[in-house]
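Visitor: I have a structure to go through with you. Can we start with the ligand and then move on to charge pairs?

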Amino acid sequence: MLVVMRHGATPDQVAGVARAIEDMGYRARPMPGAQRTAVGLVGNDGRVDESRLVGLEGVLRVIHVTQPYKQVSREWSPEDTVIELPNGVRVGGEDVVIMAGPCAVESREQILETAHRVAAAGATVLRGGAFKPRTSPYSFQGLGEEGLRLLAEAREATGLAVVTEAVEPDGVAMVAEHADIVQVGARNMQNYALLRAVGRAGKPVLLKRGLSATVKELLLAAEYIMIEGNPQIMLCERGVRSFDTHARNLLDLTAVVSIKELSHLPTVADPSHGTGARSKVGPMARAAVAAGADAIILEVHPDPAAAASDGQQSLTLDQFDALMLELDAISGVLGRGIARAPAVVHG
Ligand code: PEP
Ligand code: MN
């Protein structure tokens, strides 16, 4: 439930509402906003009796959140959440953010070359896994902490922000120390201990939709992160399992639109994992920008044929350059642009 305060309500009146909520045995979340101040009530598992709150001074009205997820819902916050990264890039704002890099960090040369090239082409976030959740335990599992150090070095050299995955609760602190965005992968979307840990890590989170998860389950997973006090969550569509084997996954672009309707959080589309094939990545990246995604995350590798993972869906550096020109043009048609960061060294 949300208690919306009158325009010009005093801090004392807001505090009075928060006190009343706590007295009723719930938790209060004051939310000062540009348009309105509201106080969220959390901790309820059903309808709350509003009679004690509606009469309090400064209260305009009470909104019951009808969805099972609360704080991530549009009802909770009609304004879009914008997440500002340390390099000044804003995810969820007017411009489309491009995140690019290899599936996995493999070597110093590989990550630095890729970082310089994607920065020159207009990306503002570098992706690269240091801990890889692989389907087979015999596949390359990542460089671990050394991979995190190489990502940090690439950030220093280029000004790109870094997104990389944490695969277990105990590993979150180490990843958060080096990353600007902590990724929770598709296979871990319902790993609730991990979700709570990233909720406490104090860094923006990129939460990927599970392979067979509904949008509602994705939003409820985000709620786990949110209730730990971390509102900086990006929701990523990365393709779901389908009956049809024509592609590795089915990139569900309707989900990008649905998530925008149901939630105030920024949306990310991943056409690399969403299609599983290089030839399909460019067209679906273009479609994702057209569908209104706030960010696109792309796998790019200097030599895809030699990649330790996901080479078949990685773009070459030249293909990435060409795609960026198209994404720029498409975002322009929609009155958006590709997000630039003052700190990023362009070539
Ligand atoms: C990845 O981003 O490299 C990855 C493993 O993605 P997902 O969790 O979506 O499979
Ligand atoms: Mn990958």
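Guide: Starting with glutamine 183, a polar atom of its side chain lies 3.0 Å from an oxygen atom of ligand 1. Bear in mind that this is a predicted model.

Visitor: What about arginine 187, how far is its side chain from an oxygen atom of ligand 1?

Guide: An N or O atom in the side chain of arginine 187 is 2.9 Å from a ligand 1 oxygen.

Visitor: And glutamate 299?

Guide: For glutamate 299, the distance from a side-chain N or O atom to an oxygen atom of ligand 1 is 3.4 Å.

Visitor: How much of the accessible area of ligand 1 does the protein cover?

Guide: On its own, ligand 1 has 300 Å² of accessible area, and the protein covers 97% of that.

Visitor: Which pocket is ligand 1 in?

Guide: The second largest pocket holds ligand 1.

Visitor: Which residues are around ligand 1?

Guide: Cys103, Arg127, Lys132, Gln183, Gly185, Ala186, Arg187, Lys208, Arg238, His273 and Glu299.

Visitor: How does that shell divide into nonpolar, polar and charged?

Guide: The shell has six charged residues, three polar and two nonpolar.

Visitor: Changing topic, how many salt bridges are there?

Guide: The count is 19 salt bridges. One pairs arginine 52 with aspartate 23, with the closest N and O atoms 3.5 Å apart.

Visitor: Where in the chain are those two?

Guide: Arginine 52 is in helix α2 (residues 51–54) and aspartate 23 in helix α1 (residues 11–23). They are 29 residues apart, so the pair links distant parts of the chain.

Note on methods
Residues numbered from 1 in each chain as written. Chains lettered and ligands numbered in written order. Predicted model: local features only at pLDDT ≥ 70, side-chain atom pairs only at ≥ 80, totals over all residues. Heavy atoms only, no water. Near = heavy atom within 4 Å. Polar contact = N/O pair within 3.5 Å; in protein donor to acceptor, adjacent residues only side chain to side chain. Areas by Shrake-Rupley, 256 points an atom, 1.4 Å probe, with all protein chains shown as cover. 1 Å grid on protein atoms, 1.4 Å probe; cavity = no way out; pocket = protein on both sides within 12 Å on 5 of 7 lines; lining within 4 Å. Sits in = over half its atoms within 2 Å of the grid points. Nonpolar A, V, L, I, M, F, W, Y, C, P; charged D, E, K, R; others polar. Salt bridge = Lys/Arg side-chain N within 4 Å of Asp/Glu carboxyl O. Helix = DSSP H or I, 4+ residues; strand = E, 2+ residues; numbered from the N terminus.
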